[in-house]
Structures are given as C-alpha cells and as structure tokens.
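Dear colleague,

Please find the structure below, with its sequence. My notes on it follow, beginning with a term that you will need.

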Amino acid sequence: MIEARHLRVLRAVAATGSFSAAGRELGCTQPAVSQQMKALEASVGTPLLVRGGREMRLTQAGEALVRHASGILAGLTAAEEEVAAIAGLRAGRVRLVSFPSGSSTLVPTALAALRAAHPGTRVSLVEAEPPRSVEMLREGDCDIALAFRYEGAAGAEEWDDLVVRPLLTDRLVGLVPERHRLARDGSAGPVAIGELADEPWIAGCPRCRGQLVEVCESAGFTPRIDFATDDYPAVVGLVGAGLGVAVLPQLAIESVRPRGARTVTLEPAVRREIVALTLPDLAQVPAVTATLEHLAIAAGRK
C-alpha cells in the first residue's frame, strides 16, 4: 500500500535532487528520508531512484509515481479540508424526514436557529409518517427521522437499535363543530370519548386511525369513520363543515387555524411521544448532533 507520507518524501526528493535537501524541506533528517524511500520502493516492488555519486535521478517508475503524486496529494489535502470544515460545522449536510405536524411546528423553529448558529450546515426536508420515516432512516435515505409512538402501544422495542432523542409529549384532543352540543358545554371540563359514540368520524393517518379505533373500542364502541385523510387541514375543514368529529394531536391543532371547529379535552387521556431518531454512527456527526440539539430546544426540552 502506498502511503501519503511516502509520496510527499518522493516528491521532495524529486524536486530537490537529494535526500539531505529533501530532509531540510520536510523538516526531518537525511536518514529518515532514506528510510521512507526504501519503504516506498518495498511497497511498489520496484526501484524509484537511481543513486550515482552525488547525482540522483528517477527511474521510469519513479517518474510515473511523481506525476501521479501531485494529484493524489492535492486530492487528500482537499478531502482533509472538507472533513475539517464538516467537523467544525463550517459545512455539512443533514437529511431530515418529519411527519406533517412536526414539519409545521418544531422543524421551522429548529432549522432557523440552526442556520443562524451554523450557516454552512445545509438541511433538506421531506415528509413521511412513521413507520415509513423510520424505514427511511434504516435504509440510509435520511440522517434524522422525527417520529412518534402512542403511550402504552405495543412495539416499544422497535427503536432499540436507534439513538432516541425525546422531544415532547403530545396529548390528543377532540375536535367538534362549533355548534356541537359538546362545544357549547366545553367549559364544563373533560369529555368522555364515549359521548361521541354515535357521531360520524373523520380519521387521520393510518397509525392515528388505528389508535382511534383502539381507544374507542376500549370505551365500548366502534367509531363510524365516514372520511379518512392524512391532511390535518382537511380534517379540520371537514369537522368545521359539520361532517363529523375527530381526534387530533395538539401539535396538529397548533399548526392549523380550526375555523368552524372547537377543541374539547377528552378522557381517557391519550398521548403520543414525539422523538428524533438517528443511527448510532450518525449521532457522532457534528451537523447531526447540532440539528438534534436545536430540535430539542424548539420542543422546549433544553
């Protein structure tokens, strides 16, 4: 294997014409230069220099290696400078994937602060709900995944191989039309979800939909789902038009102005844990670490 330090010595010898002059240029002794040249010749398996009296010249193999050495060393220098820039957060790239309500609430605040602190770090964003977002992380399609899971849900071990950064706990709230009887009585306190048993429902993303059915069945009824959409503004619009009721995360309500709809506190309380996920090796990358820190700050965890 050819080592970069040996190439630097060869280039110095070729430029100066002697081991002693090369040593002075490189800041080392003449024997050290001679030793490294012998090691390089052993690595390539052929002589690189012809030594004759005071004169020293390159063999054909030596000329070929010197010709390539400049490009190789220049490339290594550029690589070292780029890595140093990334390590020092003067440069870097982070690929982030987030579910929609996280994209509209946590992500903008976090990325604005990250850009102010480290303007050389670039972050790209795509949207996906878990478990797809977690699959993207494992498949190498992103560096950080914002995800969520419901308290008490099965499969808590699904993230055991990942670095999990807790961000916040998000409570689900009921959403009813503003003329609904529960909207008028909303000041009376929490509403048992069973009181909505006979209502038509608007359901959200597949994971949220499954959680809704589970909660309703534990309260003794199966919800009649008339509409299903992954788009939170669409859910709010359908409820506001009087077409049904819904359960949405508080984070989603914060990102949408619920015209024509009112929120109610539901019992039993249903919460979801919002986290940022990354791979153990990626957690050591400075740009990824900085992004995780700013997401935690945006969520109020710092």
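For the charges, Lys and Arg count as positive and Asp and Glu as negative, while His and the chain ends are not counted, and the place of a charge is taken as NZ of Lys, CZ of Arg, CG of Asp or CD of Glu. On that basis, the mean positions of the 32 positive and 35 negative charges of the protein chain are 9 Å apart.

Please keep in mind that this is a predicted model, in which local features need pLDDT of at least 70 and side-chain atom pairs count only at pLDDT 80 or more, whereas totals for chains, interfaces and linings use all residues. Residues are numbered from 1 along each chain as its sequence is written, and side-chain values use heavy atoms, with hydrogens and water left out.

As for the overall form, the protein chain has 11 helices and 13 strands (DSSP runs numbered from the N terminus, H or I of at least four residues for helices and E of at least two for strands). Its radius of gyration is 31 Å, well over the 19 Å that the globule rule gives for 302 residues, so the chain is more spread out than a compact globule; the radius is taken over C-alpha atoms, and the rule is 2.2 Å times the number of residues to the power 0.38. Along the principal axes, the C-alpha atoms fill a box of roughly 105 × 35 × 25 Å. Of the 302 residues, 41% are buried (under 20% relative accessible area, with exposed meaning over 50% and partly exposed in between, for a 1.4 Å probe and protein chains only).

Turning to the side chains, the structure holds 14 salt bridges, each a side-chain nitrogen of Lys or Arg within 4 Å of a carboxyl oxygen of Asp or Glu. In one of them, Asp-161 meets Arg-138 at 2.7 Å, N to O; Asp-161 lies in the loop between β5 (144–150) and β6 (163–177) and Arg-138 in helix α6 (residues 132–138), so the pair ties together parts that are 23 residues apart in sequence. Asp-161 is partly exposed, at 43% relative accessible area, and Arg-138 is partly exposed as well, at 39%.

Another salt bridge joins Glu-273 to Arg-149, with the closest N and O atoms 3.3 Å apart. This pair links distant parts of the chain, since Glu-273 is in strand β13 (residues 271–278) and Arg-149 in strand β5, 124 residues apart. Glu-273 is partly exposed at 25%, whereas Arg-149 is buried at 18%.

Finally, Arg-132, Glu-135 and Glu-139 are linked in a network of salt bridges.
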